[in-house]
Amino acid sequence: MKIAQVAPLWEQVPPPSYGGIELVVSRLTDELVRRGHDVTLFASGDSQTLADLKAVYPRALRLDPNVKDYGVYETLELSQVYQNSAEFDIIHSHVGISALPLASLVSTPTVHTLHSRFTNDNRNVFSYHQKQAYVSISNAQRQIDLNYVGTVYNGINPADYPFVAKPQEPPYLAFLGRFSPEKGPQHAIAIAKKTGWRLKMAGKIDLVDSKFFEQEIATEIDGQQIEYLGEINHTEKAELLGNATITLFPITWSEPFGLVMIESMATGTPVIALNLGSVPEVIAQGVTGMVCQSYDEMAAMIKSALKLNRQTCREYVENNFSVSQMVNGYEAVYEKIIQDRIDLNGRLHVGKIRF
């Protein structure tokens, strides 16, 4: 198949540190190339890929202080994609609502992976374009009525996450993610303080979250019990998660997937999480982690999580959340959409007879 992958321009593909969508796009794109597909990746110019890279800007926009209007470059990217749509059998968009109006104007089918949550505002756009093809990244994400072609869980390459049979001494809890209210770093700190555990935290701080970080997080960091490591790269991330005794996932919102959970389990580290969004689909309750109903329960479940088998956590990811399984899912989606389009064109061609 000739496939266009359309990535956000905010981060490069793959991301050097934080960037769940871009990591998924990278693994998907490269594996499709390995399987013999003709793939074009539309992304920032500093992206690294096995596919044919097309870029409207030389670097990730987050890294360039001269860029003041993200939407301008996203419009350029999508213009490039859809002006050349006839070159592809299918277009796979990872950029959300921005692609919807253009996708409805060309004959080449587009499938949209829903990487983010629905809001009161964007629901109106999605509902207007209800009949376009969508892929959810968890069943919990399906909060509005759309034409869902399938659910495809995000996948990682477990080999990129060295297995750690025995966590580091002295033991610590880990938190990895954006420092924003919905990711719950404030609750991770509260759990650590309530239980007396050390907590190592890492992740990026977006400008919109800087006030939250300064007021609710920075004042709690003492460099001893509560340690902030900054925005770390992939190797450092794997080490943080792998050497931890337990990873905390104290979200406050309906997480569409939560890549950190499978990254942690791949290293052998079980996850304790709040039961929101995709969490019960990703964690095997009582096997690879604990799915809890409150932050108090998360704190209370640390003792039980210590008994979980780290090798089982690793094998669970290998068996359920690998890149290979993710790409199998997307190949099936592409084939279904293309075949449905062929069948539709056939019916339209003899419409006077068959309708």
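Which residues line the largest cavity? I began with this point, and I noted first that the model is predicted, that local features need pLDDT of at least 70, that side-chain atom pairs count only at pLDDT 80 or more, and that totals for chains, interfaces and linings use all residues. Residues are numbered from 1 along each chain as its sequence is written, and side-chain values use heavy atoms, with hydrogens and water left out.

**Cavity.** I found that the largest cavity is lined by Arg117, Phe118, Ala140, Gln141, Gln143, Ser254, Glu255, Pro256, Gly277 and Ser278. Its volume is about 50 Å³, and the structure holds one cavity of 30 Å³ or more. A cavity here is a set of points, on a 1 Å grid over the protein atoms alone, where a 1.4 Å probe fits but cannot get out, and lining residues have an atom within 4 Å of a point. The volume is the space filled by probe spheres set on the points, which are joined across faces, edges and corners.

**Confidence.** I looked up pLDDT, the predictor's confidence in each residue from 0 to 100, and the mean for the protein chain is 94, with 97% of its residues reaching 70 or more. Over residues 348-355 the pLDDT is below 50, and beyond near neighbours in sequence this stretch has three contacts in the model, a contact being heavy atoms within 4.5 Å. Where pLDDT is low, the predicted coordinates should not be read in detail.

Helices (H or I, at least four residues) and strands (E, at least two) are DSSP runs numbered from the N terminus. In helix H7 (residues 234-243) I listed Lys237, Ala238, Leu240, Leu241 and Gly242 as buried, meaning under 20% relative accessible area with a 1.4 Å probe and protein chains only. These buried residues pack against strands E8 (173-176), E9 (199-202) and E11 (246-249), and against helices H8 (259-267) and H12 (310-320).

**Strand E13.** Is E13 (residues 289-292) covered on one face or on both? Both faces are covered, with Gly289 and Val291 buried on one side and Met290 and Cys292 buried on the other. E13 pairs with strand E12 (residues 271-274) in the parallel sense over four bridges, where pairing requires that DSSP finds at least two bridges between the strands. Cys292 in E13 is the bridge partner of Leu274.

I placed Thr29 in helix H1 (residues 20-34), where Thr29 has a relative accessible area of 0%. Not counting residues up to four places away in sequence, Thr29 touches Gln5, Val39, Leu41, Thr49 and Ala51. Asn154 is found in the loop between strand E7 (147-151) and E8, and counts as buried at 6% relative accessibility. With the same exclusion of residues up to four places away, Asn154 touches Val24, Ile137, Phe257, Leu259, Ile262, Phe321 and Met326.

**Cis peptide bonds.** I noted that the bond from Val13 to Pro14 is cis, with omega near -10 degrees, and that Pro14 lies in the loop between strand E1 (2-6) and H1. The bond from Glu169 to Pro170 is cis, with omega near -5 degrees, and Pro170 lies in the loop between E7 and E8.

Conventions
Buried < 20%, exposed > 50% of the residue type's maximum accessible area, 1.4 Å probe, protein only. 1 Å grid on protein atoms, 1.4 Å probe; cavity = no way out; pocket = protein on both sides within 12 Å on 5 of 7 lines; lining within 4 Å.
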